[in-house]
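Biologist: I would like to learn how to read a model like this one. Please take me through it feature by feature.

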Amino acid sequence: MKYICTVCGYVHDEETEKVSFSSLPPQWTCPRCGAEKAMFDPLEEKKEREYDGRENESTEQGQGETKLSDGVLAAIFSNLARGCEKQYRAEEARLFAKIAAFYTSLSDNDTDASSETLDALIGQDISQTYPAARKTAEENRDRGALRICTWGEKVTRIARSLLSQYRKGGEELLKESEVWLCTVCGFVYIGRKPPELCPVCKVPSWKFKSVDGGEI
């Protein structure tokens, strides 16, 4: 059986590796991007929802309305901006970034920023927000929006992976390491130097820039 990393697409093939996925220790992480074991999905059981930008099958969601906070809206529009950047849609990226900055300026009063709350919000984006956006894009046959959803979800999964790593390692996670941001897809890597290739979008290391926590 095969298992795929939902962050970078790395596949653990039990037959090739001669190691069953279930036997891997809980602390095992993706050898390519560092995502935790829980962020892998069984490849055979995945629907036709690939992480390469192709159209995805619709996912039915509840009809209830949810009020999003300014901080959540800022994150959503920031992800959309990065998705547009990936598609070389500079004007759309600029507009989404401007909207993200507007909601960021209003989010100073968002006081509940605990790791538990952040993880719950990120999980909601992955399980509800992106599937709903993808469904709308599919109904309107908007291929550009579908690709934006794909890359936005990638960035969101990256954020969840980093949050999980931080909750386990705390400040020690950053000791003698730097935070590297892929300027193409938004992948964030923690280490002394950036990876030779981005595990998500495959651009070379010079596309990464070193950032501090406030820039991400």
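Biologist: What share of the contacts in the chain with a separation of 6 or more comes from residues 24 or more positions apart?

Modeller: Start with the term: a contact means heavy atoms within 4.5 Å. In this chain, residues 24 or more positions apart account for 58% of the contacts with a separation of 6 or more.

Biologist: What should I know about the source?

Modeller: This is a predicted model; local features need pLDDT of at least 70, side-chain atom pairs count only at pLDDT 80 or more, and totals for chains, interfaces and linings use all residues. Residues are numbered from 1 along each chain as its sequence is written, and side-chain values use heavy atoms, with hydrogens and water left out.

Biologist: How many helices and strands does the chain have?

Modeller: Both are DSSP runs, numbered from the N terminus: helices are H or I with at least four residues, strands are E with at least two. The chain has five helices and six strands. Along the sequence the pattern reads β-β-α-β-α-α-α-α-β-β-β.

Biologist: What percentage of the residues is buried?

Modeller: Buried means under 20% relative accessible area, exposed means over 50%, and partly exposed lies in between (1.4 Å probe, protein chains only). Here 38% of the 216 residues are buried. The accessible surface of the chain is about 12,700 Å², by the Shrake-Rupley method with a 1.4 Å probe. Carbon and sulfur atoms hold 51% of that surface.

Biologist: How do I read a pair of packed helices, and at what angle do α2 and α3 pack?

Modeller: Two packed helices are described by the angle between their axes and the distance between the axes. Axes are lines fitted to C-alpha atoms, for helices over the stretch in contact, and angles run from 0 to 180 degrees between N-to-C directions. Helix α2 (residues 70–86) packs on helix α3 (residues 90–106) at about 165°, with the axes 8 Å apart. That makes α2 roughly antiparallel to α3, a label for angles over 145 degrees.

Biologist: Which residues of α2 and α3 make the contact?

Modeller: On α2 they include Leu73, Phe77 and Cys84. On α3, Phe96, Ile99 and Tyr103 are among them. By class, the contact has 13 nonpolar, two polar and three charged residues. Nonpolar covers Ala, Val, Leu, Ile, Met, Phe, Trp, Tyr, Cys and Pro; charged covers Asp, Glu, Lys and Arg; the others, Gly among them, are polar.

Biologist: How far apart are the axes of α4 and α5?

Modeller: The axes of α4 (residues 115–139) and α5 (residues 143–169) come within 10 Å and cross at roughly 165°. The two helices are therefore roughly antiparallel to each other. Their contact has 11 nonpolar, four polar and nine charged residues.

Biologist: Where does Lys18 lie, and what is its phi?

Modeller: Lys18 lies in the loop between α1 (14–17) and β3 (40–42). Its phi is near 65°, a positive value in a residue other than glycine. Lys18 is exposed, with 70% relative accessible area. Tyr88, in the loop between α2 and α3, has phi near 60°, also positive in a residue other than glycine. Tyr88 is exposed at 78%.

Biologist: Which residues is Glu178 in contact with, leaving aside its neighbours within four places in sequence?

Modeller: They are Tyr189, Ile190, Gly191, Arg192 and Ser210. Glu178 is in strand β4 (residues 178–182) and is partly exposed at 34%. The C-alpha atoms of Glu178 and Arg192 are separated by 5.6 Å, and the two residues are 14 apart along the chain.

Technical notes
Parallel < 35°, antiparallel > 145°, perpendicular 65-115°, else oblique.
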